[in-house]
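Hi everyone, thanks for coming. I'd like to walk you through one structure today, so please take a moment to look at it on the screen.

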Amino acid sequence: MSREYYVRQIKELEDGLIAEGDECMRLLSLSLKSLINKDKALANTVMDGSKNVDMRAMELENKCIELLALQQPMASDLRFLVTTLRILTDFERLSRYAWDISKITLRIDTEPLLPQIDDLMELYKLVNGMVKDSLKSFVSGDVELARGMGARDDAVDAEYDQIRRALIDEMVKHPSSIDMASHLSFVAMYLERTADHACVIASWTIYRATGKRVRIK
């Protein structure tokens, strides 16, 4: 394997990783859209897309393993390959959340949504920004941007807690809304966990750039 081919493989791997991240967030956005519009066809499309993410992740993992086996990379290249393998696992979880939200869309039928759906969309905006910036920091090696994820995750946690409490109140005041409030509670939890994965990616960014293990949460 020539040096030029090796460098090209690393670049293609990085491009593939970013594309996977973008696709996961696209699926997450579409899953929420399917929920709001009760669009079962769109929900099924998202679930198919989630399966495709898993297949592409496996292909990228195989590329990583091949490069590790054949090139025995050192220093920054080794850290890049190791972190890529770990981040692909995070992406599989994100696509799974999109799958889970779409599954809720298929279950709710004609049941009316609750007002907290608007808060969930605001929560999604925060989470989406975190994931996009975590990927941006990974590619650019922007350690400060990565370190900022901790404070942003605190904001997401606060918003999540507020939504969760509001949904509990809704269940107490209106028992007929228990099923929908439960569904939306799960959606809020999936979004909160997505922010956690952004923090994990940020932690790997710092490792890739500096070689130091830092846990951002």
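**A walk through the helices**

Before we start, please keep in mind that this is a predicted model.

Let's begin with the record. UniProt, in an unreviewed entry, places the feature "domain: PhoU" at residues 21–104 and 121–205. What are those two spans made of? Residues 21–104 are 94% helix and 0% strand, and their end C-alpha atoms lie 23 Å apart. Residues 121–205 are 92% helix and 0% strand, with end C-alpha atoms 27 Å apart.

Now follow the chain from its start. Helix α1 covers residues 3–37, which is 35 residues. From first C-alpha to last, α1 reaches 51 Å, close to the 51 Å expected at 1.5 Å a residue. After α1 comes K38, and its phi is positive, near 50°.

Next, the inside. The largest nonpolar core has 64 residues. Which of them touch the most other members? They are L28, L35, F91, L120, L184, V187 and L191. At least two residues of this core come from each of α1, α2 (40–71), α3, α4 (116–140), α5 (143–147), α6 (149–173) and α7. The biggest giver is α7, with 16 residues. As a bit of background, nonpolar side chains in soluble globular proteins tend to be buried together.

Setting aside neighbours within four places in sequence, what does F91 contact? The list is L17, E20, G21, C24, V53, L135 and I201.

On to the aromatic rings. How many aromatic pairs does the structure hold? There are four. Take Y97 and Y190: their ring centres are 5.6 Å apart and their planes meet at 15°, so this pair is stacked. Y97 belongs to helix α3 (residues 75–108) and Y190 to helix α7 (residues 178–210), so the pair ties together parts that are 93 residues apart in sequence. Are these two tyrosines, Y97 and Y190, buried or exposed? Both Y97 and Y190 are buried. Together with F186, Y97 and Y190 form one aromatic cluster.

Finally, two arginines to find on your screens. The charged end of R208 sits over the ring of F138, 4.7 Å from the ring's centre.

Key. Residues numbered from 1 in each chain as written. Predicted model: local features only at pLDDT ≥ 70, side-chain atom pairs only at ≥ 80, totals over all residues. Heavy atoms only, no water. UniProt positions renumbered as here; feature names shortened; annotations may be inferred. Helix = DSSP H or I, 4+ residues; strand = E, 2+ residues; numbered from the N terminus. Phe/Tyr/Trp six-rings, centres within 6.5 Å; stacked < 30°, edge-to-face > 60°. Buried < 20%, exposed > 50% of the residue type's maximum accessible area, 1.4 Å probe, protein only. Lys NZ or Arg CZ within 6 Å of the ring centre and 35° of its normal. Expected span 1.5 Å × (residues − 1). Core = buried A, V, L, I, M, F, W, Y, C linked by side-chain atoms within 4.5 Å. Contact = heavy atoms within 4.5 Å.
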